[in-house]
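Please read the following report beside the sequence and the coordinates.

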Amino acid sequence: TPSMKPLADSGFKSVIFIPIIAKEKKAIGVLQVAGKNQGQFSSIKRHALDMIGNRIGVAIENAQLQEQYIKSEEKYRSLFDNDPNPIFIIDCNTFEIHDINERAQECYGYTRSEMNGMPFLTLGEEDDREVEYGLKNLALGQSILLAKRRHFRKGGRSFYVNISVSHAQYGESDVLIATTTDVTESIEKETQLIQASKMTTLGEMSAGV
């Protein structure tokens with residue numbers, strides 16, 4: 001054939017085509033091996049070349065999967081970091097923080113390295129047993145909302161958040177994924193309304209007296 005002529009011109013007298021097989025027995029390419037002796041490829045050599053073709057196929061497929069995994073990780077990290085709310089990846093048993101997004105760093109004032117290993121519970125009040133109980137009793141696939149919890153930024157300044165926690169899988173590990181939403185403004189307005197209502201009530205009582 002025309003494709004064989006360059007090999008013949010170069011002195012090759014034998015050629016064998018070895019399919020490159022991926023894990024699912026799917027051919028993804030062909031390995032061409034040429035020799036300068038007639039009938040050079042015995043059954044033993046062909047078997048060895050078949051094994052090489054299979055290993056090359058598996059290596060190529062693994063490389064493609066690794067590339068897809070990296071792209072998936074990059075996509076996940078982009079979505080993770082661009083979420084408008086702070087997100088925490090928390091150990092199910094120790095409640096230590098494994099990872100945070102960019103918004104968590106901005107909101108709480110800590111760097112990712114500073115928060116890595118920090119117990120999530122230390123962001124709130126020491127005596128807040130409701131949050132601790134909620135985290136401990138959350139089953140895989142379940143979620144919980146802990147409303148109006150007091151949290152502290154780096155330096156001690158407090159603010160109020162709603163905490164949404166889900167028990168999920170992160171890679172090969174079971175983790176808690178917590179998202180916090182700043183509700184300080186709404187709580188302050190609610191407090192002002194309550195105070196105004198109290199003052200109105202006191203004014204009415206004084207007028208009655």
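What percentage of the 209 residues in the protein chain do buried residues make up? Buried residues account for 28% of them, where buried means under 20% relative accessible area, exposed over 50% and partly exposed in between, with a 1.4 Å probe and protein chains only. This is a predicted model, in which local features need pLDDT of at least 70 and side-chain atom pairs count only at pLDDT 80 or more, while totals for chains, interfaces and linings use all residues. Residues are numbered from 1 along each chain as its sequence is written, and side-chain values use heavy atoms, with hydrogens and water left out.

## The chain as a whole

The protein chain contains six helices and seven strands, which are DSSP runs numbered from the N terminus (helices: H or I, at least four residues; strands: E, at least two). Read from the N terminus, the order of the elements is α-β-β-α-β-β-α-α-α-β-β-β-α. The protein chain exposes about 13,900 Å², of which carbon and sulfur atoms supply 53%; accessible areas come from the Shrake-Rupley method with a 1.4 Å probe, and for residues only the protein chains shown count as cover. Among contacts (heavy atoms within 4.5 Å) between residues at least 6 apart in sequence, 41% join residues at least 24 apart.

## The five-stranded sheet

Five strands form an open sheet in the order E4-E3-E7-E6-E5, with antiparallel pairing; two strands pair if DSSP finds at least two bridges between them. Its edge strands are E4 (97-100) and E5, each of which pairs on one side only. Neighbouring strands of this sheet are turned by 30° against each other on average, direction ignored; the axes are lines fitted to C-alpha atoms, for helices over the stretch in contact, and angles run from 0 to 180 degrees between N-to-C directions.

Strand E3 (residues 87-91) is joined to E4 by three bridges in the antiparallel sense, and Ile-90 stands opposite Ile-97 in E4. The loop between E3 and E4 holds Phe-95, whose phi is near 65°, a positive value in a residue other than glycine. A positive phi, near 55°, is also found at Lys-148, which belongs to strand E5.

Helix H5 (residues 129-136) has Val-131, Gly-134 and Leu-135 as its buried residues. They lie on the same side of H5 because they cover an arc of only 95° around the axis, the arc being that of the directions from the helix axis to the C-beta atoms. On the other side of H5, the exposed residues are Arg-129, Tyr-133 and Lys-136.

At the start of H5, a side-chain oxygen of Asp-128 comes to within 3.4 Å of the backbone nitrogen of Glu-130.

## Single residues

| Residue | Relative accessible area | Class |
|---|---|---|
| Phe-95 | 6% | buried |
| Ile-20 | 10% | buried |
| His-167 | 13% | buried |
| Asp-50 | 34% | partly exposed |
| Lys-148 | 45% | partly exposed |

His-167 is placed in strand E6. A polar atom of its side chain lies 2.8 Å from the backbone oxygen of Leu-138, and a polar atom of the His-167 side chain lies 3.5 Å from the backbone oxygen of Ala-139. Leaving aside neighbours within four places in sequence, the contacts of His-167 include Cys-92, Gln-142 and Asp-174.

Ile-20 is part of strand E1 (residues 14-21), and its C-alpha atom is separated by 4.5 Å from that of Gly-53, 33 residues apart along the chain. The C-alpha atoms of Asp-50 and Ile-18, 32 residues apart along the chain, are separated by 6.1 Å, and Asp-50 touches Ile-18 and Pro-19 when residues up to four places away in sequence are not counted.

Key
A polar contact is a pair of N or O atoms within 3.5 Å; within protein, one must be able to donate a hydrogen and the other to accept it, and residues adjacent in sequence count only if both atoms are side-chain atoms.
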